[in-house]
Structure formats: structure tokens, C-alpha cells
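Thanks for coming. I will take a few minutes to walk through one structure, so please have a look at it first.

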Amino acid sequence: MKKVPFDAFGDGQYLYFNIARLMQLEQATGCGISSIVSKRELNLNVLTKIFMIGLAQHKKHNELWYAQRMQEKLDQGASLEEDFYVPAVKAIAGSGILGKAAYYAAFPEELTEKAKQDVDDEKKRLMAEGADDTPPPSFFEWLEWAESQAYGPLRLKPWEFYRLTPMELNKLIEGYQVRREDRAFMTAWFVSNMINVHIKHPIQAKELAKPFLHEKTSSEMRRERDEFIASFRKQREEAGFDGDSDEYFGEDWCE
């Protein structure tokens with residue numbers, strides 16, 4: 001889980017939100033997560049609820065206690081936006097519920113080339129689905145889909161599911177999809193071998209597995225190409241071959 005350092009109420013404290021806490025927050029505020037993080041909705045009342053839930057692993061206090069401590073800090077010159085609003089939003093974005101674009105906007109130091117491609121893929125998927133970059137209006141709308149994935153393909157127990165962050169759940173789903181495709185291709189390989197001894201025109205395993213494989217995006221194909229080239233060059237260097245390996249690859253080598 002993503003922990004955001006937050007020392008306003010005590011040294012060494014941090015904010016974090018998993019699925020259970022996000023559900024508590026939406027219930028407590030009566031607002032969707034995307035509304036909660038908007039400045040027009042993020043008032044002192046909402047902030048106290050965010051801190052009460054997001055800091056629950058430390059000594060628990062009620063909303064009044066947090067409101068009084070916040071007022072004391074503001075009277076001492078603290079900034080409502082920099083010292084309270086920004087950490088609160090980062091903690092919620094850090095859960096992954098707002099999507100990968102919002103996550104890496106909050107934590108740009110973690111943005112790698114692969115992450116950039118993941119963000120691009122997410123945007124393209126949203127556009128293909130007729131959606132924009134706006135996250136779902138309600139956490140409970142996302143929860144309905146998430147539970148079907150957690151209790152179905154992933155076979156998680158309820159207490160395992162609610163301890164996860166949305167980002168962690170998405171990574172588990174991605175891992176499941178990789179395993180599913182590996183099993184599909186292995187099964188297709190065995191089936192094609194059994195079929196091909198009885199037919200004139202052999203069937204390739206990839207054709208049998210195709211219905212079970214997700215269609216790769218252009219960025220995924222580009223990523224695989226770059227990884228293959230990098231691996232190829234490394235192996236040439238380790239083997240002691242001279243010369244420019246670029247001679248083997250043209251712009252359309254993978255077409």
C-alpha cells in the first residue's frame with residue numbers, strides 16, 4: 001500500500017487508504033471519491049473525516065479532535081492547501097482508485113517509461129469505452145466490479161480483498177490474466193499437436209488460443225519490441241560480438 005508521510009498530528013505518522021477505508025470514507029461523507037478530492041467539496045468537514053479514517057492505524061480520535069488540531073495549525077501559519085489538502089488527495093490517489101494517470105500525477109518520481117505507456121493505454125481504453133479521463137462518480141460502482149474479480153477469478157477471501165488497495169487489486173488481476181493466457185496457449189499447443197496428425201493443413205497453436213488472448217495495444221507491442229531489442233543487444237555484448245546490432249532491425253522488423 002502507498003503510505004503518505006503526514007506529521008501534522010504526530011511524528012512518524014502516515015496516511016493510507018485501502019478498499020475498506022475508501023468504502024468507509026464514501027459512506028462517512030456521502031460523496032463519491034471523485035467529488036471528495038475536488039476542491040469545491042474538500043472542506044474542513046470532509047478533511048477531518050479523511051484524517052480520522054486515513055490515520056486510523058495510529059491513535060484514534062474523533063472528528064472534533066482533528067478539527068481542533070487543524071485549527072491550531074492554521075492559527076500557527078499552516079497552509080490549508082499545502083499542509084492538509086495535498087497530503088489528503090495524495091493518499092487517496094495513492095490507493096489507485098482514481099486511475100493510473102492520477103496516481104503518477106501525485107507521485108511523478110515513480111513514473112517510468114513502462115508507467116507512461118500504462119497511462120497511455122488507460123486513456124485509450126477509456127476513450128474506446130466512450131468515457132473520458134474522469135474517474136467513476138461512486139466508489140461503490142467500482143466496488144461491484146472489483147468484488148466480482150476478487151471473489152471469482154482471484155478467489156480472494158473478503159478480508160483479503162478489503163485489505164488491498166485498488167492499485168494492488170489491479171496488479172493481481174493483471175497477473176491473473178498473464179497466467180490465464182499462459183495456460184490457454186499451453187493447452188492450445190497440446191490440442192494442436194493432437195489435431196494436426198489427423199488433418200491435411202496443420203492448425204497453429206496461436207490460432208486456437210487467440211479467442212482467449214487480449215488484443216495488444218500499440219504501446220504494448222512497442223514495449224515488447226524495445227525489451228526484445230535490449231535483450232538481444234545485451235546477449236551480443238555478453239557473447240563478445242562486435243558490430244552494430246541495429247543492422248538486424250529496421251523500423252518494421254516486427255511487422
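Predicted model: local features only at pLDDT ≥ 70, side-chain atom pairs only at ≥ 80, totals over all residues.

Residues are numbered from 1 along each chain as its sequence is written, and side-chain values use heavy atoms, with hydrogens and water left out.

First, the layout. The protein has 12 helices and two strands. Helices here are DSSP runs of H or I with at least four residues, strands are runs of E with at least two, and both are numbered from the N terminus. Along the sequence, the pattern reads β-β-α-α-α-α-α-α-α-α-α-α-α-α. Of the 255 residues, 35% count as buried. Buried means under 20% relative accessible area, exposed means over 50%, and partly exposed is in between, with a 1.4 Å probe and protein chains only. A contact means heavy atoms within 4.5 Å. Among contacts between residues at least 6 apart in sequence, 54% join residues at least 24 apart.

Next, the core. A nonpolar core is a set of buried Ala, Val, Leu, Ile, Met, Phe, Trp, Tyr and Cys residues joined through side-chain atoms within 4.5 Å. The largest one has 48 residues, and those with the most contacts inside it are Ile 33, Ile 50, Phe 51, Ile 92, Phe 139 and Leu 169. Helix 5, residues 80-94, gives the largest share of this core, six residues. Which residues does Ile 92 touch, leaving aside its neighbours within four places in sequence? The contacts of Ile 92 include Phe 17, Leu 22, Ile 33, Ile 50 and Leu 98.

The backbone nitrogen of Ile 33 lies 3.1 Å from a polar atom of the Glu 26 side chain. Glu 26 lies in helix 1, residues 19-29, and counts as buried because its relative accessibility is 7%.

Now the surface. The accessible surface comes to about 16000 Å², of which 53% belongs to carbon and sulfur atoms; these areas come from the Shrake-Rupley method with a 1.4 Å probe, and for residues only the protein chains shown count as cover. Met 186, Trp 189, Phe 190 and Met 194 form a nonpolar surface patch with about 480 Å² of accessible area together. For such a patch, residues need over 30% relative accessible area and no salt bridge, and nonpolar side chains (Val, Leu, Ile, Met, Phe, Trp, Tyr) are joined within 5 Å. Trp 189 sits in helix 10, residues 166-196, and is partly exposed at 46%.

Last, the charged pairs. A salt bridge is a side-chain nitrogen of Lys or Arg within 4 Å of a carboxyl oxygen of Asp or Glu. How many are there by this rule? The count comes to six. One of them joins Glu 63 and Lys 49, at 2.9 Å from N to O. This pair links distant parts of the chain, with Glu 63 in helix 4 (residues 63-75) and Lys 49 in helix 3 (residues 44-54), 14 residues apart. Is Lys 49 buried or exposed? Lys 49 is buried, because its relative accessible area is 10%, while Glu 63 is partly exposed at 28%.

Another salt bridge, Glu 72 with Arg 69, also has an N to O distance of 2.9 Å. Both residues lie in helix 4, three residues apart, about one turn of the helix.

Note on methods: Polar contact = N/O pair within 3.5 Å; in protein donor to acceptor, adjacent residues only side chain to side chain. Patch = residues over 30% accessible without salt bridge, like charges linked within 9 Å, V, L, I, M, F, W, Y side chains within 5 Å.
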